[in-house]
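Subject: Structure handover

Hello,

I am passing on the structure we spoke about. Please look through it before reading the notes below.

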Amino acid sequence: MLSLHEVTAGYGGTTVLHEVTLTVGAGEVVALLGPNGAGKTTLLRAATGLLRPRAGRVELAGTDLTGRPPHVFTRAGVCLLPEGRGIFPSLTVRENLMVQARGRGLDAAVTTAADLFPILGTRLRQTAGSLSGGEQQMLALARAYLTEPSVVLVDEASLGLAPIVVDTIYEALGELARRGVSLVVVEQYAQKALAIADRVYVLRRGSIVHTGRADETSTDELYRGYLGIPA
Ligand SMILES: Nc1ncnc2c1ncn2[C@@H]1O[C@H](COP(=O)(O)OP(=O)(O)OP(=O)(O)O)[C@@H](O)[C@H]1O
């Protein structure tokens with residue numbers, strides 16, 4: 001589905017990613033872990049056209065998208081959920097969904113969103129900025145889902161959320177995966193991501209230092225080997 005082949009990328013004179021290779025298959029969930037500053041967000045940006053790789057290739061279902069602008073990735077079904085959630089805080093929940101409704105019609109968009117997150121259905125007239133952090137994340141996920149993506153890349157969905165809310169968000173991510181959406185989930189805290197992932201990659205100082213099946217990867221081992229140490 002989506003793959004990066006030996007991607008090198010960075011900002012100005014700084015190289016952040018060094019020949020990174022990562023793939024996510026159709027309907028697969030991949031966890032991307034790594035300490036602060038390892039380059040996880042940079043990898044997501046390179047994978048979605050927001051950052052042009054200096055070397056290497058980015059492909060979607062065999063089509064080379066390297067160097068294409070972000071809207072080409074979006075149109076091709078690649079959706080990034082950024083750390084700041086990417087919702088419009090001053091618009092209502094309904095309006096946020098409406099912006100994403102496109103051809104399907106507002107009612108269908110609202111029904112789809114409320115089906116995924118019943119609580120959103122009860123908050124339609126509230127401004128998105130006044131929702132709780134967890135509800136905002138749900139709205140961001142619902143909006144992503146309305147774009148009918150084939151791959152969603154999620155940057156730290158659990159950031160700043162209470163554990164019980166994190167559970168809800170991860171249940172929703174699991175539901176997206178069951179509906180056939182491929183996921184790349186960036187997390188600083190490994191456990192949640194590993195629980196829904198098929199495979200895991202660990203990024204450290206811009207290089208992949210570990211990859212394997214999630215069910216064969218122990219959290220202890222990850223923390224001892226890679227995550228407990230600064231990038
Ligand atoms: N726009 C930018 N310009 C210059 N350097 C940047 C920029 N964005 C990120 N960096 C640098 O690139 C490196 C990797 O950052 P990145 O945000 O990709 O890491 P991360 O693994 O997502 O970290 P975190 O878990 O803390 O969010 C860091 O050293 C950071 O300072």
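This is a predicted model: local features need pLDDT of at least 70, side-chain atom pairs count only at pLDDT 80 or more; totals for chains, interfaces and linings use all residues.

Domains

The chain is split into two parts: domain 1 covers 2-77 + 149-227, and domain 2 covers 87-146. Taken over C-alpha atoms, the centres of domain 1 and domain 2 lie 24 Å apart. Where they touch, domain 1 contributes 11 residues and domain 2 contributes nine residues. On the side of domain 1 that touches domain 2, helix α7 (residues 163-178) gives the largest share, with six residues. By type, that side of domain 1 has eight nonpolar residues, two polar and one charged.

Ligand

The shell around the ligand consists of Tyr-11, Thr-14, Val-16, Gly-34, Asn-36, Gly-37, Ala-38, Gly-39, Lys-40, Thr-41, Thr-42 and Gln-188. Eight residues of this shell are polar, three are nonpolar and one is charged. Two elements, β2 (14-24) and α1 (40-47), supply at least two residues each. The largest share of the shell comes from α1, with three residues.

Strands

Strand β2 also belongs to an open sheet of four strands, in the order β2-β1-β4-β5, with antiparallel pairing. The edges of this sheet are β2 and β5 (63-64), each of which pairs on one side only. Strand β1 (residues 2-11) pairs with β2 over seven bridges in the antiparallel sense. Two of the residue pairs can be named here. Ser-3 has Thr-23 in β2 as its bridge partner, and Gly-10 has Thr-15 in β2. β1 and β2 make a hairpin with two residues between the strands, and Gly-12 in this hairpin has a positive phi near 50°.

A second hairpin is made by β9 and β10, again with two residues between them. Strand β9 (residues 199-204) and strand β10 (residues 207-213) run antiparallel and are joined by six bridges. Within this pair, Leu-203 stands opposite Ile-208 in β10. In the turn, Arg-205 takes a positive phi of about 45°.

As background, strands of a sheet pair through backbone hydrogen bonds, either parallel or antiparallel.

Helix α6

Helix α6 (residues 133-146) is 14 residues in length. From its first C-alpha to its last, α6 reaches 20 Å, close to the 20 Å expected at 1.5 Å a residue. Of the 14 residues of α6, 13 are buried, so the helix is largely enclosed by the rest of the structure. Just after α6, Glu-148 has a positive phi of about 50°.

Asp-215

Asp-215 has 12 other C-beta atoms within 10 Å, so Asp-215 is exposed. Its place is in the loop between β10 and α9 (219-227). Asp-215 and Ile-196 are 19 residues apart in sequence, and their C-alpha atoms are 9.7 Å apart in space.

Regards

Technical notes:
Residues are numbered from 1 along each chain as its sequence is written. The expected span of a helix is 1.5 Å times one less than its number of residues. A residue is buried if 20 or more other C-beta atoms lie within 10 Å of its own, exposed if 12 or fewer, and partly exposed in between; C-beta atoms are placed from the backbone. A residue is near a molecule or strand if its C-beta atom, placed from the backbone, lies within 6 Å of it. Ala, Val, Leu, Ile, Met, Phe, Trp, Tyr, Cys and Pro count as nonpolar, Asp, Glu, Lys and Arg as charged, and the others, Gly among them, as polar. Two strands pair if DSSP finds at least two bridges between them. Domain bounds come from an automatic or database domain assignment. Two residues are in contact if their C-beta atoms, placed from the backbone, lie within 7 Å.
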